[in-house]
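This report describes how two protein chains meet in one model. Please keep the sequence and the structure at hand while reading.

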2 protein chains.
Amino acid sequence: MLVLITYDVNTEDAQGKRRLRRVARKCVDHGQRVQNSVFECLLDASQCKLLQAQLLEIIDCEKDSLRFYYLGNSYAAKVEHFGVRPGYEPEGILMI
Amino acid sequence: MLVLITYDVNTEDAQGKRRLRRVARKCVDHGQRVQNSVFECLLDASQCKLLQAQLLEIIDCEKDSLRFYYLGNSYAAKVEHFGVRPGYEPEGILMI
């Protein structure tokens, strides 16, 4: 299924900047960066749970947030893109 | 239907910062800010088309990007949130 992951990491201090880098790196390993803090990942349920757990170990739940959107398997018609394309397409998983 | 709107606006120059403010303001008028550049809006198809057109007038398609995710009407189980809650909930449209 397509899982959209969005995050806000509070980067007011050095620890926050480090968390941001770590979250981004972890997401890059699992999907495609479509915007700065937005990733699309093709995952099964267990992969998704594992990634969730890993990201929750990285973020500070008092300062940061993570959102997961489950778009299912028939997602092509559910996504529209306008404007510039991301330069980073490590896996080329999804493009509309 | 629930429409998720995510955006990246290039804020390298003053015009970009202005575009960012305008995009955010327009989205605030139509939905709930759930993360810095992520909005959830309850819209019908014509409202959505109108908002799309308005946002496309604001952004610079050579520098910025907009993504729309259509989550339908049964969206409660499709969204999970972790960590800090956004402080801004103008309409209180959605809660998980």
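Across the interface of chain A and chain B, the rule finds 2 salt bridges, a salt bridge being a side-chain nitrogen of Lys or Arg within 4 Å of a carboxyl oxygen of Asp or Glu. In a salt bridge of 3.0 Å, N to O, the side chain of R67(B) meets that of E40(A).

The model is a predicted one, in which local features need pLDDT of at least 70, side-chain atom pairs count only at pLDDT 80 or more, and totals for chains, interfaces and linings use all residues. Residues are numbered from 1 along each chain as its sequence is written, chains are lettered from A and ligands numbered from 1 in the order in which they are written, and side-chain values use heavy atoms, with hydrogens and water left out.

## Extent of the interface

Chain A gives 36 residues to the contact and chain B gives 35 residues, where contact means heavy atoms within 4.5 Å. Between them the chains bury about 2800 Å², 51% of it on carbon and sulfur atoms; buried area is the accessible area (1.4 Å probe) that two parts lose on being put together, summed over both. Q35(A), R67(A) and F82(A) supply 26% of the area that chain A buries against chain B, more than any other three residues.

## Strand pairing between chains

β5(A) pairs in the antiparallel sense with strand β4 (residues 65-72) of chain B over 5 bridges, strands being DSSP runs (E, at least two residues) numbered from the N terminus that pair if DSSP finds at least two bridges between them. The bridge partner of E80(A) in β4(B) is F68(B).

How values were computed
Helix = DSSP H or I, 4+ residues; strand = E, 2+ residues; numbered from the N terminus.
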